[in-house]
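Subject: Structure for you, with notes on charges

Hello,

Here is the structure I said I would pass on. My notes on its charged residues follow below.

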Amino acid sequence: MKKILFGVMLLLAVTVGQVSAQNVSGGIKAEANLSNFLLNKDISGTSRMGFGATLGGFAKVDFTENFALQPEMLFHFQSSDYKLQGMKRNFEYWGMEIPVYAMGQWAVANNDRFYVGVGPYVGLGFQAKYDKPELKLYDEDALHRWDFGFKALVGYEFSNRIQINATYKIGVINAVDEGVGEIRPEVVSLGLGYRF
């Protein structure tokens, strides 16, 4: 995990080093999300998507008219239902993540802009718990705090800089200890933003 975090920080440092001669802007965004876990065959249960919310900000570095990098810092609440052996439990998660998108962007009518991005993210969990009975998963060492994976973004920015966007996120590392099985987070979101 340290190597992954170092790689993301190096990418951000290189980006910042190139910023001085580029067009830089920033903004805020809020999203509604649906999240669950992808389970492998060793785990005899099901995970259903639950509702959550995301709030954060972004910086946008335009290198050319059609290419930009967009690092973000997002704070989110996520929930999902987990069913095992007929018992249904609710999973709740609070955390943050830092994605960095490589973005293609194209001007359309009336100075609007369409954009698509992909890139890695690093996440850190603040709190994760089950109900019935309540179980704090970080205190029990049942879930790892750090997460890493990839995100995809598609959006549309109007000439007044209001944005609508949709994202998809998938984790690539196992969220639980080896030997228990394998679960990876999956999140779909739809949101609004404003670029200053």
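Which residues gather in a patch of negative charge on the surface? They are D139, E140, D141 and D177. Patch members have over 30% relative accessible area and no salt bridge, with like charges joined within 9 Å; Asp and Glu count as negative, their charges being placed at CG of Asp and CD of Glu. E140 sits in the loop between β6 (135–136) and β7 (146–157), strands being DSSP runs of E with at least two residues. Its relative accessible area of 51% makes E140 exposed (exposed is over 50%, buried under 20%, partly exposed in between; 1.4 Å probe, protein chains only).

This is a predicted model, in which local features need pLDDT of at least 70, side-chain atom pairs count only at pLDDT 80 or more, and totals for chains, interfaces and linings use all residues. Residues are numbered from 1 along each chain, and side-chain values use heavy atoms, without hydrogens and water.

There are 10 salt bridges, each a side-chain nitrogen of Lys or Arg within 4 Å of a carboxyl oxygen of Asp or Glu. One of them joins K169 and E97 at 2.7 Å, N to O. K169 is in strand β8 (residues 162–171) and E97 in strand β4 (residues 87–107), so the bridge ties together parts 72 residues apart in sequence. Both K169 and E97 are buried.

R195 and E157 also pair, their closest N and O atoms being 2.7 Å apart. R195 is buried at 7%, and E157 is buried at 6%.

E134 bridges to K129 at 3.9 Å; E134 is exposed at 52%, whereas K129 is partly exposed at 23%.

Regards

Note on methods:
Patch = residues over 30% accessible without salt bridge, like charges linked within 9 Å, V, L, I, M, F, W, Y side chains within 5 Å. Areas by Shrake-Rupley, 256 points an atom, 1.4 Å probe, with all protein chains shown as cover. Helix = DSSP H or I, 4+ residues; strand = E, 2+ residues; numbered from the N terminus.
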